[in-house]
Amino acid sequence: MVNYFLTAFAIVALMLAALEDVVADVSDCAGCHAEEVRQWSDSQHAAAMAPATPGTVAGNFSDGRFSDSAVRASFQREDDRYVIRVQEGGDTREWQVKYTFGVYPLQQYLIDVGDGRLQAFNIAWDTRAESEGGQRWFRLDEPNQNHPGDAMHWTGVYQNWNNQCADCHSTGLTRNYDAESDSYDTRWQQVSVGCVACHENAGEHARAAREGERGVAPGLELAAMGAWLVSQGKQPPRHEGAESSPHQVPTCGRCHSLRTSLADQGGGQVHDQFSLSRLDQPLYYADGRVREEVFVLGSFEQSRMFQAGVVCSDCHNPHSGKLKAQGNAVCAQCHNAGDFDTPEHHRHPQGSEGAQCVNCHMPESTFMKIDARREHSFTVPRPDISKVSGSPDVCLACHTDKSRDWSIDQVAGWFPELYEQETWHGVQQRPASGILEYLQNTNEPALRRATLLEQQGQWLAREQQALLEQLAGSEDAVIRESVFRVLRHGSADHARKLGEAGLDDVSLAVRIAAFESLTWLGIELDSNDWASALGEYEHFLDMQSDLPSGLVLKARYLLARDFIYKAEKVLEKALDKDQGYAPATILLTDILRSGGRNLEAIDAINRTLMKSPGDASLIHLRGLIHLKLKEYNLALEDLGQASELAPGQWLYGYRYAVALFQLQHLDKAREVTRELLLRFPDNPRLRALMQHL
């Protein structure tokens, strides 16, 4: 019988024993790096994924049970098999667990459903101690939220291990997705996260050591170098000595981030093989705080610490994954405790929860029901900005009986000068001149500048071509990538002028962005760089075509090349994978409408709305089609509803007001326009419309 009352650390220790049979490079490295291997063996990296065995399975498979209003599941061990029996939707199925996935604070189980697919079962085992609420089966989604056949059901496309999780939980992984058969032949070098995951040439390095060769490095230099001198008064911490490796943060970040894979191969770096997600809603709040499960890198790259040259291993042991010190001591490595770890600074009783640096500067968000993760932007609490941006108020995480206004007043009383400092939220509200100033300021975080570039992309591409040319030469790949994305909003001549440089960039992310923009503008260059980028882009599309979002990109590519029928079929395939995926329906309706097939377009929208009810973009689009068909009552109903559902989209409200005006509903048109002007007082199109009413 499996002992399912194991602690997390005991589980990891048992997992190592199981992994030693399948991990070749552990023994290779242990001869010279015994201490590092020992530390790794106790880490969550070592237990990221493993074959289901008595030494790796943490959950209660001794007749364990879970039930709610939608599903009943039993968990049993039969000889060397771990079996889950599921009753759901009137059907009963039996599934065999193939792999464990993760270890703490929860463990999921991967099931082979055929065609090379592994799916993450939605009922997980809480590996925390019983005293902390653990040692139980619990459901990751809500009862009756996702049903068999839905894209978010555990058997659906978004719970698929191959495309969602695999390349971060295993080493040297290639997905090997075949678009024609819609199947996988996914392979890895090591089932969990081992030495080669970070030290990409570790195998060759170990071979050379065995054979007495010298000078064969284990890959990119990743070490933290030099030392940090502790802050003194108003003088911040200073780094002395050699700079730390610029490769460490993107190496860690390629897994500890929300990003898009651009090539199907093991290893790679963020901003090269991976494109980092920007700071857009709903992934982030408007003030840059984490909202969805975006992990760490996008948060850390906003921080002053990242700007100053702090790397992950300044705080974390890279082999054990543990902090290098406990409590406030980890911060006091650089920030003088005499200045900061005092009631005069943190305004809480010494030693209390409120006195812990992380509780104010690294607030927690909980994902997967029980997994609390800290933000890494290290921002100063700004309850005033939290209120206007809708992000969680740090103070209210503890002071649950208080209000946002109480927090604002309290912090203002302690640090009145704090509210005079501009925040990322404020930067995004700047006038045009301020936007341009920020984009050119190399002292500001590159990820924020790249995000701002794309947010303001349409007018920048039209009116600030010289600025884009300047930023196309940035040292930061994330900015160059965003520049070439923005070019698609401008003229073909300008894109052609810059495009060749983008196709020759050292970063794959930039080359793909440049090729995509040129293609969408109908440009094709006659050069070796173009031919090379075309191959890279088509490989990217093939790899991503296991997801609805990738199929939409593929359809856009086909449309740009006038393969309209093929594009329509690709979009239908995307909607087979996710019937509620609005971007696929929007592009499909463009094809249908261009062919005069407006009724088919409405049918397509209605089918998608059955899975994604209340999607403002679809309802707005349906309203425009009803207008074209002169079905005015239906059109006004849809346009009005879309405007209410998405009050932040001024264009929805504007088009609703214009339709009211054209149909002689003048009083209602004036009312809608006045309300819009309260939210968007400087919008020239709204002001012009008001003058006609």
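Let's start with a pocket lining: 15 nonpolar residues, 13 polar and eight charged, around the second largest pocket. Here Ala, Val, Leu, Ile, Met, Phe, Trp, Tyr, Cys and Pro count as nonpolar, Asp, Glu, Lys and Arg as charged, and the others, Gly among them, as polar.

A word on the source. This is a predicted model, where local features need pLDDT of at least 70, side-chain atom pairs count only at pLDDT 80 or more, and totals for chains, interfaces and linings use all residues. Residues are numbered from 1 along each chain as its sequence is written, and side-chain values use heavy atoms, without hydrogens and water.

Back to the pocket. A pocket is an open set of points on a 1 Å grid over the protein atoms alone, with protein on both sides within 12 Å along at least five of seven lines; lining residues have an atom within 4 Å of a point. The second largest pocket has 36 of them, and Pro246, Pro250, Phe306, Glu475 and Asp476 lie nearest its centre. Helices giving two or more residues to this lining include H8 (248-253), H10 (304-308) and H21 (477-486). Helices are DSSP runs of H or I, at least four residues; strands are runs of E, at least two; both are numbered from the N terminus.

Now the strands. Two strands pair if DSSP finds at least two bridges between them. E3 (residues 71-78) pairs with E4 (residues 81-88), antiparallel, over eight bridges. Ala73 has Val86 as its bridge partner. Two residues separate these strands in a hairpin, and Asp79 in the turn has a positive phi of about 60°.

Next, E4 and E5 (residues 91-101): antiparallel again, over six bridges. Val83 stands opposite Gln96. This hairpin has two residues between the strands, and Gly89 takes a positive phi near 60°.

Notes:
On a 1 Å grid over the protein atoms alone, a cavity is a set of points where a 1.4 Å probe fits but cannot get out, and a pocket is an open set with protein on both sides within 12 Å along at least five of seven lines; lining residues have an atom within 4 Å of a point.
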